Amino acid sequence: MEMPALSDLLDLQDVDLEIDRLIDRRQGMPELEQYREANAARIQAEADRDAVAAELRSIELDLDKAEGELEILETRLNESETRLFAGGMSAKETEHKRLEVRSLEGQKEASEERVLALLDQRDVLAEKMSASQQMVASKRARETGLEEVIKSAWRDIDRDIGRKEGRKAEIVPTIPPDLLDLYEQLRKTKQGVAIGRLEHGNCGGCHLALSAAEQKDAAETDPARCVHCRRILVF
Ligand SMILES: [Zn+2]
C-alpha cells in the first residue's frame, strides 16, 4: 500500500524537476553566449573608436600648429613685400630684402604643403571616425537587443519558477523531515531523481527490473529502497 507521504514526495519531485528544467533553460539560453560575444565586440569597437579619436585629436593639434605657422609666414612675407615695394632702400638692403622675400616664399610653400597634407590626413581620419562610431552604434544595438530578449525570457522563466516554488511550499510541510532529508540527499547524487515508482517490476529511477525476492527485500526498509540504485521506491 502506498503511503500518502511518498505520493506527496513524487509530486514534490515532479515540481523540483520542473524547477531544475526551468533553471537549466534560464542558464542555457543560446542568447547568453551571443550576448557575451556581442558585449566583447561592443567593448572592442569602443576601444577601436577611442584609438581613432586619439589619432584624430593628434592630427588636429598638428594641423592647428601648422596653420599658425603658415599665418605667421604669410604676415612676415606681406611685411617684407610691402617694404620692398615701398622702396627707398639702398641697393644692398633691397637685394637683402629680395632674398628674404624669396626665402619666405619657399617657406610658405612648404608650410602650405604641410597644411594640405595634414588636412588630407584629418579628412581620412574623420571618415574613419564616423565609420568607427557607426560600428559602435551597431554593436551596441546588437548587445541591447540580446539583453532585452534575455531579460524578457528570464522574466517569464522566473515567473514560472515562482509558481513552482509556491506549489513546492504547499507540498513540503506534508512530508516528514527525515524523508525530506533523504530525498534531498539522493537528489544531489542521482541527477535530481530521488524517488521512483515500481512499474511492471521495474524501478522508476534506474529502470532495472526487480525480481519478486528483490521487491520483498526492498519493501523491508522504511522507506522502501531500490536494491540496484538505492532510490526511494514507491510500490
Ligand atoms: Zn533503481
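Reader: If a disulfide is a pair of cysteine sulfur atoms within 2.5 Å, how many does the count come to?

Author: The count is 0 disulfides by this rule. This is a predicted model, where local features need pLDDT of at least 70 and side-chain atom pairs count only at pLDDT 80 or more, while totals for chains, interfaces and linings use all residues. Residues are numbered from 1 along each chain as its sequence is written, and side-chain values use heavy atoms, without hydrogens and water.

Reader: OK, what coordinates the zinc ion?

Author: Cys203, Cys206, Cys226 and Cys229 do, each through SG, at 2.2 to 2.4 Å. Donors are N, O and S atoms within 2.8 Å of the metal (3.2 Å for Na, K and Ca); water is not among the atoms, so sites may look incomplete. Along the chain, the donors follow the spacing C-x2-C-x19-C-x2-C.

Reader: Why is the arrangement called tetrahedral?

Author: Because the 4 donor atoms subtend angles of 106 to 112° around the zinc ion, and four donors count as tetrahedral if all angles lie between 85 and 135 degrees.

Reader: Is Cys203 buried or exposed?

Author: Cys203 is buried, at 1% relative accessible area. Buried means under 20%, exposed over 50%, and partly exposed in between (1.4 Å probe, protein chains only). Cys229 is also buried, at 10%, whereas Cys206 is partly exposed, at 21%.

Reader: Different topic. Which residues does helix α1 cover?

Author: Residues 4-28, which is 25 residues. Helices are DSSP runs (H or I, at least four residues), numbered from the N terminus. The buried residues of α1 include Leu6, Leu9, Gln13 and Arg26.

Methods
Tetrahedral: all angles 85-135°; square planar, octahedral: opposite > 155°, others 65-115°. Helix = DSSP H or I, 4+ residues; strand = E, 2+ residues; numbered from the N terminus. Expected span 1.5 Å × (residues − 1). Disulfide = S-S within 2.5 Å.
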